[in-house]
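This report describes the fold of a single chain, from its overall dimensions to selected residues. Please consult the sequence and the structure while reading.

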Amino acid sequence: LTDDTHLTELQVTVMDTETTGLNPASDRVISIGGVRVYGGRVYRRLGFDRLVQPGVPIPRRSTAIHGINASMSADAEGFAIV
């Protein structure tokens, strides 16, 4: 890896999360997803998308943004396990 390394030469996993809100000190993760990228290609078969049980209520204002509600994550595992 050098300053001349092109992004298409890197093997990376791009990750995304959804949360109960925007405050990192108090809000919780409710969804984690990731996809493998290499050579300018996205390898969806190597990706994942998991719901997370946040252990706190999911506010309606958050559900309005990402569409994940409490019943959807009720049987999911906690963050440490996922």
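In which strand is Ser-31 found? Ser-31 is found in strand 2, which covers residues 29-38.

## Basis of the description

This is a predicted model, in which local features need pLDDT of at least 70 and side-chain atom pairs count only at pLDDT 80 or more, while totals for chains, interfaces and linings use all residues. Residues are numbered from 1 along each chain as its sequence is written, and side-chain values use heavy atoms, with hydrogens and water left out.

## Overall architecture

The chain contains 2 helices and 3 strands, arranged along the sequence in the pattern β-β-β-α-α. Helices (H or I, at least four residues) and strands (E, at least two) are DSSP runs, numbered from the N terminus.

The radius of gyration of the chain is 16 Å, whereas a compact globule of 82 residues would have a value near 12 Å. This quantity is taken over C-alpha atoms, and the globule rule is 2.2 Å times the number of residues to the power 0.38. Along the principal axes, the C-alpha atoms fill a box of roughly 45 × 25 × 25 Å.

## Surface, burial and charge

The chain has an accessible surface of about 6,300 Å², and carbon and sulfur atoms contribute 53% of it; areas come from the Shrake-Rupley method with a 1.4 Å probe, and for residues only the protein chains shown count as cover. Of the 82 residues, 17% are buried. Here buried means under 20% relative accessible area, exposed over 50%, and partly exposed in between (1.4 Å probe, protein chains only).

The 8 positive and 9 negative charges have mean positions 7 Å apart. Lys and Arg count as positive and Asp and Glu as negative, with His and the chain ends not counted; each charge is placed at NZ of Lys, CZ of Arg, CG of Asp or CD of Glu.

## Strand pairing

Strand 1 (residues 11-19) and strand 2 run antiparallel and are joined by 9 bridges. Two strands pair if DSSP finds at least two bridges between them. Thr-13 has Arg-36 in strand 2 as its bridge partner.

Strand 2 also pairs in the antiparallel sense with strand 3 (residues 41-51), over 7 bridges. Opposite Gly-33 stands Asp-49 of strand 3, and opposite Gly-34 stands Phe-48 of strand 3. These two strands form a hairpin with 2 residues between them, and Gly-39 in the turn has a positive phi of about 65°.

## Contacts and separations

Among contacts in the chain with a separation of 6 or more, 43% involve residues 24 or more positions apart; contact means heavy atoms within 4.5 Å. Ser-31 is buried, as its relative accessible area is 8%. Leaving aside neighbours within four places in sequence, Ser-31 is in contact with residues including Asp-16, Glu-18, Arg-50, Val-52 and Ile-68.

Val-37 is also placed in strand 2. Val-37 and Asp-27 are 10 residues apart in sequence, and their C-alpha atoms are 29 Å apart in space.

Asp-3 belongs to the segment before strand 1. Asp-3 is exposed, with a relative accessible area of 84%. The C-alpha atom of Asp-3 is separated by 43 Å from that of Val-56, which is 53 residues away along the chain.
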